[in-house]
Amino acid sequence: MTDPGHSSRIGVFGGTFDPPQNGHLAVAQAVLERLELDHVLFVPAGDPWQKNVKTPAIDRFAMVEIALLGQERMSVSSVDIERQGPTYTIDTLTDLANLYPSAELFFILGDDAFSGITSWKNYEQLTQLATIVVVSRHGTPVEVPTKLSPSVNLLEMSALPISSTQCRDRIKEGHSLEGLVPAGVAEYIEKKNLYRRTT
Ligand code: NAP
């Protein structure tokens with residue numbers, strides 16, 4: 001895992017990553033290649049306020065770090081877990097624009113997350129900081145809000161049929177995560193006894 005350093009085209013892949021799974025890695029790799037990015041930064045949300053998340057941010061961050069071991073052009077950023085309060089993407093992009101002032105930023109998200117973007121804080125200002133890259137994997141048309149349309153890049157891809165919800169459910173049911181998450185992530189989940197509690 002490397003630092004974006006002086007990369008000029010940086011993908012910003014925000015997520016709850018509860019847990020990070022192979023679908024996330026496949027998306028990052030596909031966008032890296034198709035948009036000719038120099039680097040993809042995974043940014044685990046500190047407080048994903050629209051989700052009921054029980055896994056501490058520190059564990060979600062650690063799992064992303066493990067998932068990216070050996071990836072030369074991907075790394076994890078702690079900007080969203082260092083900031084107090086609910087995680088808003090406008091703050092994520094502002095922090096990263098300050099950290100990497102000469103880079104062009106590309107915010108990567110899936111079509112489900114994109115469909116809720118008009119509920120996000122100051123969503124119409126996001127495109128002043130980054131091009132939005134929507135990875136469409138469900139084969140259904142993506143509706144782009146007018147205020148964002150000039151700066152949204154739609155990428156069709158046949159992504160891996162894996163979700164973090166499915167991973168958590170499998171753990172609760174006592175099944176293995178083999179093939180769904182990197183082996184190191186599965187070991188971390190086991191060691192920290194994550195996702196077993198039903199309450
Ligand atoms: P997540 O569940 O961890 O997923 C991260 C991203 O990976 C999502 O865009 C998701 O797309 C995509 N993904 C997951 N599995 C995939 C697969 N198999 N193939 C292709 N893509 C896959 O993260 P999240 O909770 O949705 O959060 C996404 C970002 O939105 C975060 O940065 C969060 O902070 C941000 N957000 C911001 C606000 C705000 O107010 N500013 C509000 C809500 C969320 P899908 O969504 O299509 O599954």
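## A ligand and its surroundings

An oxygen atom of the ligand lies 2.8 Å from a polar backbone atom of A113, which makes a polar contact (a pair of N or O atoms within 3.5 Å; within protein, one must be able to donate a hydrogen and the other to accept it, and residues adjacent in sequence count only if both atoms are side-chain atoms). This is a predicted model, in which local features need pLDDT of at least 70, side-chain atom pairs count only at pLDDT 80 or more, and totals for chains, interfaces and linings use all residues. Residues are numbered from 1 along each chain as its sequence is written, and side-chain values use heavy atoms, with hydrogens and water left out.

One of its nitrogen atoms is 2.8 Å from a polar backbone atom of L160, and a nitrogen atom of the ligand is 3.0 Å from an N or O atom in the side chain of Q21. Taken alone, the ligand exposes 890 Å², and the protein buries 91% of that; such areas come from the Shrake-Rupley method with a 1.4 Å probe.

Who are the neighbours? The ligand is surrounded by 27 residues, with T16, K51, G110, A113 and I162 the closest; a residue counts as near if one of its heavy atoms lies within 4 Å. By class, this shell has 12 nonpolar, 10 polar and five charged residues.

Q21 caps the N-terminal end of α1, with a side-chain oxygen 2.6 Å from the backbone nitrogen of G23. Helices are DSSP runs (H or I, at least four residues), as are strands (E, at least two), numbered from the N terminus. At 1.5 Å a residue, the 13 residues of α1 should span 18 Å, and the end C-alpha atoms are 18 Å apart, which agrees; the expected span is 1.5 Å times one less than the number of residues. Just after α1, E36 takes a positive phi of about 50°.

Finally, look at the aromatic rings. Rings of Phe, Tyr and Trp (its six-membered ring) pair if their centres lie within 6.5 Å; planes under 30 degrees apart count as stacked, over 60 as edge-to-face and the rest as tilted. F13 and F17 have ring centres 5.6 Å apart and planes at 80°, so the pair is edge-to-face. For F13 and F42 the centres are 5.3 Å apart and the planes at 65°, so this pair is edge-to-face too. Ring pairs link F13, F17 and F42 into a cluster.

Methods
Nonpolar A, V, L, I, M, F, W, Y, C, P; charged D, E, K, R; others polar.
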